[in-house]
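Visitor: Hi! Could you walk me through this one, starting with how the rings are paired up?

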Amino acid sequence: MTDTARHIPDRLQSPLQRSLKSWESLLILVAVGIFVANSFASPYFLNAWNLSDATFNFTEKAMIAFAMALLIISGEIDLSVAAILALASTAMGAAAQVGVGAPGLVLIGLAVGVACGAFNGVLVTLMGLPSIVVTIGTMSLFRGISYIILGDQSYQGYPTDFAFFGQGYVWWVISFEFVLFAVLAGIYAFVLHKTNFGRAVYAIGNNATGALFSGIRVARVKFTLFVLTGLMSGVAAVCLTSRLGSTRPSIAVGWELEIVTMVVLGGVSILGGSGTIPGVVIAAFVMGLVTFGLGLLNVPGIVMSIVIGALLIGVIALPRLWSMWRRA
Amino acid sequence: MIRRFLFSREALLVGAILLLLALISTRFPAFTAPSNLASVFNDTSPLILLAIGQMIVILTKCIDLSVAANLALTGMVVAMTNLAFPGLPVVAILVLAIALGTVMGMFNGLLVWKLGIPPIVVTLGTLTIYRGIIFLISNGKWVNSHEMSPAFKAFPRAEWLGLPVMSWMAILAVVVFSVVMSRTTLGRAFYAAGGNPHAATYAGIDVGRTQFWAFTISGALAGLAGYLWVARYAVAYVDIAAGFELDVVAACVIGGVSIMGGIGTVGGALLGALFLGIIKNALPVVDISPFWQLAISGAAIIIAVILNAQANRAKGRIILKSAEHPA
């Protein structure tokens with residue numbers, strides 16, 4: 001609850017001490033631990049192609065998680081991201097059926113994402129509704145529209161050059177998706193940590209009224225963040241659709257909770273006001289490594305969810321348990 | 001009293017539900033026959049049970065996303081218990097279901113109370129953990145109708161005064177929690193803890209412990225609903241009620257429960273659940289393609305939320321109404 005209070009005495013410590021105690025270094029330890037455990041657990045783990053494949057477990061979710069991180073830092077949330085992804089994917093599928101080429105498909109996917117995000121943004125900022133409720137509604141609405149368009153069918157038959165976005169390799173084992181993920185991580189880190197816009201996001205999350213009185217256009221910033229989340233859902237839709245080569249209305253079901261988990265695991269406070277992009281990047285790797293490692297051990301997908309859930313609660317609970325134990 | 005009701009959120013919702021029923025009956029008159037309405041109510045009973053628990057949790061400024069997973073895990077455990085000990089009386093099954101649900105709710109509550117982890121994070125975590133455990137104990141297998149004992153399946157369908165027991169359970173919960181929320185110190189503490197946590201603390205209310213009890217109640221109701229659900233539909237599997245947690249939150253919000261805490265009534269949660277239940281039951285019979293249903297319920301949620309926000313700008317529940325308006 002009192003994350004801000006915890007940070008004040010930290011400023012009095014040296015930068016080295018501070019970074020060693022930070023959330024990110026704790027997460028890196030977890031990631032390295034899982035990496036080592038994986039390489040002992042399975043002889044197939046340490047293989048460049050395998051590791052490259054493993055990145056597909058998290059790159060698409062992480063792209064959405066970057067924008068979601070900004071949104072959660074500003075004190076809002078978007079539970080409709082997976083539904084936006086499905087609707088964007090459906091729209092691309094419908095366009096592919098009538099012979100639209102790869103550039104057109106990408107444009108359509110991104111445009112649908114932006115439109116859905118703007119719709120959320122209008123409802124939240126103009127009408128002043130709580131985002132968690134609005135996006136529960138639009139989550140059903142957007143996915144419902146995909147069902148209306150597709151029914152129980154699926155779309156296939158995308159143009160061959162469209163496959164590059166989800167299946168192409170830029171250099172040796174480095175996939176296009178991974179490069180996109182890295183570039184987006186850089187852009188989001190720069191925007192959040194080095195620009196006035198990023199500063200405004202933190203200010204709004206810490207004290208929206210205070211931010212308003214200091215001249216930050218709170219509604220406009222929040223609207224932009226919803227559009228960004230929609231856009232990133234569109235980007236993820238392009239990658240996922242291209243990788244799978246097909247669209248179903250049930251595509252990416254349940255991703256919204258995984259993405260929120262990724263963001264929170266990355267050290268972003270769900271109450272708003274604190275968190276970093278590097279944290280989210282490391283959390284993405286942690287979740288990707290866990291699912292990949294357990295997959296190599298033939299652990300079924302749903303059991304991985306126990307590990308992810310326990311990781312989420314454990315990583316957040318352990319520092320608090322530790323401080324309680326030290327005080328006692 | 002009557003005047004106050006006429007302008008309340010509940011009256012607005014009753015009006016909306018009546019309008020909805022009138023609209024449906026123009027296309028399908030048999031829908032409003034008493035026997036059909038009773039079956040719609042019966043279908044909505046699990047949603048009502050969970051919505052009451054969720055309302056109490058939301059009142060205290062928390063949220064419980066693990067209710068559907070709790071329901072599913074409890075349902076699987078009682079179904080497997082029934083499989084292993086077919087002779088076990090239904091009362092024992094009922095006690096087991098409520099106890100198990102309560103324990104899971106308490107686990108959420110403890111993490112929120114003692115460790116101060118945000119409720120959305122806790123229940124997001126336990127949601128995935130509880131679902132995963134279902135797979136572990138069942139190995140992904142289903143428990144089917146023919147594997148359950150007749151008594152186990154008969155209980156929620158047994159009729160009493162013309163209504164199935166499942167409906168009576170929902171009615172009982174509505175009555176009990178109406179009293180708890182309006183006539184007990186615990187009920188008042190829920191409103192106080194969510195309405196203004198600092199003031200509540202100064203008034204001697206332990207906000208954390210109040211939140212713990214809210215999660216406990218929510219868990220107990222989810223456990224009860226878990227047995228009823230599995231016995232009624234006579235099947236238990238990993239994905240039972242997947243995504244149902246969002247329906248529950250939606251029912252609360254439609255029923256006028258403020259997501260910021262402190263505002264909401266049992267009657268509101270009941271009406272919100274009925275509103276969603278009627279829409280979901282009516283769409284198939286008025287011949288709307290199943291593929292439209294998700295979009296329509298999504299649109300209904302958004303419209304209800306917008307209307308609610310317009311009707312209730314900057315109004316809170318005032319605990320001491322008589323003190324504000326003497327005489």
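Guide: Happy to. Rings of Phe, Tyr and Trp, the last by its six-membered ring, pair if their centres lie within 6.5 Å. By that rule, ring pairs join A:Phe58, A:Phe66, A:Phe178, A:Phe181, A:Tyr188 and A:Phe285 into a cluster. Keep in mind that this is a predicted model.

Visitor: Got it. How many aromatic pairs are there over all chains?

Guide: The count comes to 24 aromatic pairs over all chains. One of them is A:Phe164 with A:Phe176, whose ring centres are 4.9 Å apart. Their planes stand at 45 degrees, so this pair is tilted.

Visitor: Where do A:Phe164 and A:Phe176 lie?

Guide: A:Phe164 is in helix α9 (residues 164-167) of chain A, while A:Phe176 belongs to helix α10 (residues 176-194) of chain A. The pair therefore ties together parts 12 residues apart in sequence.

Visitor: And is A:Phe176 buried or exposed?

Guide: A:Phe176 counts as buried, at 18% relative accessibility; the cut-off for that is under 20%. A:Phe164 comes out partly exposed at 37%.

Visitor: Switching to charges: how many salt bridges does the structure hold over all chains?

Guide: There are 6 salt bridges over all chains. In one of them A:Lys61 pairs with A:Glu258, and the closest N and O atoms are 2.8 Å apart. A:Lys61 sits in helix α5 (residues 59-73) of chain A and A:Glu258 in helix α14 (residues 255-265) of chain A, so the pair ties together parts 197 residues apart in sequence. A:Lys61 counts as buried at 13% relative accessibility, but A:Glu258 is partly exposed at 32%.

Visitor: What about A:Lys222, which side chain does it meet in a salt bridge?

Guide: That would be A:Glu76, at 2.8 Å from N to O. A:Lys222 is in helix α13 (residues 218-244) of chain A, and A:Glu76 is in the loop between α5 and α6 (81-97) of chain A, so parts 146 residues apart in sequence are tied together. Both A:Lys222 and A:Glu76 are buried.

Visitor: Nice. Which residues do salt bridges with shared partners join into one network?

Guide: Let me start with one link in it. A:Arg243 and A:Glu177 meet in a salt bridge at 3.8 Å, N to O. The pair links distant parts of the chain, with A:Arg243 in helix α13 of chain A and A:Glu177 in helix α10 of chain A, 66 residues apart. A:Arg243 is partly exposed at 27% relative accessibility, and A:Glu177 is buried at 1%. Salt bridges that share partners join A:Glu60, A:Glu177 and A:Arg243 into one network.

Methods
Residues numbered from 1 in each chain as written. Chains lettered and ligands numbered in written order. Predicted model: local features only at pLDDT ≥ 70, side-chain atom pairs only at ≥ 80, totals over all residues. Heavy atoms only, no water. Phe/Tyr/Trp six-rings, centres within 6.5 Å; stacked < 30°, edge-to-face > 60°. Helix = DSSP H or I, 4+ residues; strand = E, 2+ residues; numbered from the N terminus. Buried < 20%, exposed > 50% of the residue type's maximum accessible area, 1.4 Å probe, protein only. Salt bridge = Lys/Arg side-chain N within 4 Å of Asp/Glu carboxyl O.
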